[in-house]
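User: I would like to learn how to read strand pairing and backbone geometry in a structure. Could you take me through one example?

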Amino acid sequence: MSEKNLKQTVEDRAGAVLDPIVAGEGLELVDLEFVREREGWVLRLFIDKPGGRVGLDECSQVSRAVDPVLDVEDFIPHEYSLEVSSPGVDRPLKKPAHFERVQGQKVKVKTFGPVGDPPRKNFAGTLTGVVGDGISVEVEGAGTFHILFKDIAKANLEFEF
């Protein structure tokens, strides 16, 4: 199995297995990644809670809850490290609910291909709406762009100082 296929397979399986465990702890699994770093493979979970402010206690709680499940399920074919953290100030936006929570705030969105008129793949602006199949982003000097969820390759909240 190629590294890319392994990564996707582990991420898909981990999401399906761990999402209900994290929810059972009263938290949300915002995102996860399975990556190879210099020290080896890392399964990294990003968690959040209503109202935000995930701390060390919540990260430890989730780590203790998912670790035995990962051992029993045993779907990761080699040694890895488990990390649990908050999504951070530039949190990823994956689900419609994530976008709804940050309406009116600055976001960065990358699409798989060109979108809008004039066509572009990178959007930095204010998230002005979440409508059924997509979002609206007001880009200063360029207008409002409607971007379908299926076209979004990556989206993050843009932290303002």
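This is a predicted model: local features need pLDDT of at least 70, side-chain atom pairs count only at pLDDT 80 or more; totals for chains, interfaces and linings use all residues.

User: In what order do the five strands form the open sheet?

Analyst: Strands of a sheet pair through backbone hydrogen bonds, either parallel or antiparallel. Here the order is 7-6-5-4-8 with antiparallel pairing, where strands are DSSP runs of E with at least two residues, numbered from the N terminus, and two of them pair if DSSP finds at least two bridges between them. Strand 7 (143-148) and strand 8 (152-157) each have a single partner strand, so one side of each lacks a neighbour in the sheet.

User: Over how many bridges do strand 4 and strand 5 pair?

Analyst: Strand 4 (residues 106-115) and strand 5 (residues 120-131) pair over six bridges, and Lys 110 stands opposite Asn 122 in strand 5. The loop between strand 4 and strand 5 contains Pro 118, and the peptide bond from Asp 117 to Pro 118 is cis, with omega near 0 degrees.

User: Is Asp 74 buried or exposed?

Analyst: Buried means under 20% relative accessible area, exposed over 50%, and partly exposed in between, with a 1.4 Å probe and protein chains only. Asp 74 is exposed at 57%, and its phi is near 50 degrees, a positive value in a residue other than glycine.

Conventions:
Residues are numbered from 1 along each chain as its sequence is written. Side-chain values use heavy atoms; hydrogens and water are left out. Helices (H or I, at least four residues) and strands (E, at least two) are DSSP runs, numbered from the N terminus.
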